[in-house]
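The following paragraphs lead the reader through a single protein model. Please keep the sequence and the structure in view while reading.

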Amino acid sequence: MKAPFDLTKEEMKAYGYKIIDIIAEHYDTIESQKPVTSGTRAQMDSLFLQEAPNSPMPANEVLDFVMQNVIPHSNLTTHPKSFSFVPGPSNYISTLADTLATGFNIFSGGWIVSPAAAELEIVTMNWLLKMFDFPVQKGGGIFTSGGSMANLTALVTARRIKCGDDFSKAIIYLSDQAHSSNIKAIRVLGFKKEQIRIIPTDLEFKISFNKLKNAIAKDRLEGNQPFCIIASAGTTNTGTVDPLDEIADICEKENLWMHVDGAYGGAAILSKKGSRVLRGIERADSLTVDPHKWFYQPYEIGCLLVKDSSWLSNTFSEKPEYLRDIEGNESEINFYDYGIQLTRRFRALKFYMSIKTYGLDTFKKAVTYSIDLAEQTEDLLRKSKNWEIVSPATLAIINYRYNPIGLNLSETELDKLNQEISARVTKSKEALLVTTVLQNQVVLRMCLINPRTTFEHIKETFTQSETFATEILAEWKK
């Protein structure tokens with residue numbers, strides 16, 4: 001009897017070649033595509049909502065349906081005009097590496113199941129430890145699905161080490177610009193709202209150092225247990241980096257855990273400008289970085305680094321009877337002992353293959369290019385009578401708004417105008433350009449980490465934005 005899911009070798013090759021052709025064509029023609037799509041729930045239901053079929057249909061028909069209906073209704077985060085959120089530039093080698101890892105269905109949880117997968121995770125983790133000047137021999141880490149899971153893993157570890165089993169009086173500190181995944185992680189861990197201190201930021205969107213120290217002192221006096229500070233190394237809103245050295249000084253003095261959320265900005269360590277801004281990051285106890293952001297990897301690959309790998313194994317290791325035969329020696333790491341997941345996909349392969357193929361210098365040039373491009377964009381905006389910088393270029397992120405000199409628009413009018421500019425640019429599908437809120441102002445935000453993005457792409461979007469702004473102001477006069 002033929003196995004129910006088997007195809008012939010010829011069928012597999014023909015189907016695989018068709019998919020590779022589609023992916024290669026996508027990479028080759030990405031600039032000519034539209035970065036933005038749209039679709040209501042009703043529209044999506046009309047395309048996809050149906051019962052699971054009992055009878056088979058030809059594989060090529062299913063693939064054709066997906067290419068006609070699924071892919072066109074997904075934004076292209078790899079597009080050079082995808083300016084919003086944090087783009088996912090990716091690279092072709094890592095894309096195919098993911099295909100290999102999935103094709104062989106490699107389990108990357110325990111050493112005995114795949115020693116090569118575990119070894120590559122150790123090797124690539126060591127590369128990252130060296131980049132951030134963490135101790136390679138004693139330090140360690142784990143690849144996760146993304147920054148959210150890396151932050152959660154870090155905070156579980158910090159709580160166990162600093163608080164033990166009783167965290168009823170434990171207090172954690174973070175800024176009002178910290179990523180929302182940190183708040184989510186804190187809630188998942190069972191901390192009450194009263195145990196979270198959200199510290200205001202200053203005019204540069206950095207955590208207020210004085211207010212942080214005041215909050216810690218007050219908590220000590222009230223009999224609470226300060227145990228962790230979350231510092232941001234590249235906030236999502238502005239790219240801002242908190243004063244890491246100063247925060248490290250506090251943590252050392254107060255015996256607090258220092259976790260740095262560098263999910264966005266950590267990779268800037270590869271550039272000279274970025275490494276200066278990130279000074280002090282090497283003093284953290286734990287550090288989140290997201291290779292699927294500025295290391296140009298496909299989703300999903302986040303990473304947590306720690307100064308002492310035993311912190312992870314002592315926090316997460318369990319010894320059920322059904323795993324007793326796969327416990328290796330201490331050097332043969334079972335990564336299910338380092339985090340929450342037992343079943344893990346082989347995330348290290350794409351990172352390993354892309355670094356080996358392109359070389360680290362290529363990644364350094366790409367990161368440096370992005371930082372320089374944002375600064376060039378800032379220079380362009382400052383020379384214009386129409387645009388106002390709200391948050392300057394910082395680690396390839398810039399925030400600005402349309403505020404022409406001489407019009408004297410009110411704050412309400414400016415908010416409405418910039419929101420509408422964003423809506424019309426996005427509706428045109430020529431660029432993805434959305435807003436955020438800084439200092440109670442609605443502003444436009446560009447995140448420029450895609451090495452395919454050129455200065456011409458940016459100027460085209462500014463020209464389009466100005467055209468829409470003129471139209472909107474004319475409509476208001478009618």
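Is Cys 303 buried or exposed? Cys 303 counts as buried because its relative accessibility is 0%; buried means under 20% relative accessible area, exposed over 50% and partly exposed in between, with a 1.4 Å probe and protein chains only. The model is predicted, so local features need pLDDT of at least 70 and side-chain atom pairs count only at pLDDT 80 or more, while totals for chains, interfaces and linings use all residues. Residues are numbered from 1 along each chain as its sequence is written, and side-chain values use heavy atoms, leaving out hydrogens and water.

A search of the whole structure finds 0 disulfides, a disulfide being a pair of cysteine sulfur atoms within 2.5 Å. The closest cysteine sulfur to that of Cys 303 belongs to Cys 228, and at 17 Å it is too far for a bond. For Cys 228, the closest cysteine sulfur is in Cys 251, at 7.5 Å, again too far for a bond. Cys 228 is buried as well, with a relative accessible area of 0%.

Attention now turns to the helices (DSSP runs of H or I, at least four residues) and strands (runs of E, at least two), both numbered from the N terminus. Helix 14, residues 360-382, reaches 34 Å from its first C-alpha to its last, close to the 33 Å expected for its 23 residues at 1.5 Å times one less than the number of residues. Its buried residues include Phe 363, Ser 370 and Glu 378. Among the elements covering the buried residues of helix 14 are strand 8, strand 9 and helix 16.

Helix 16 spans residues 455-477 and contains Ser 465. Ser 465 is buried, at 0% relative accessibility. Leaving aside residues up to four places away in sequence, Ser 465 touches Trp 387, Ile 421, Val 425 and Leu 433, where contact means heavy atoms within 4.5 Å.
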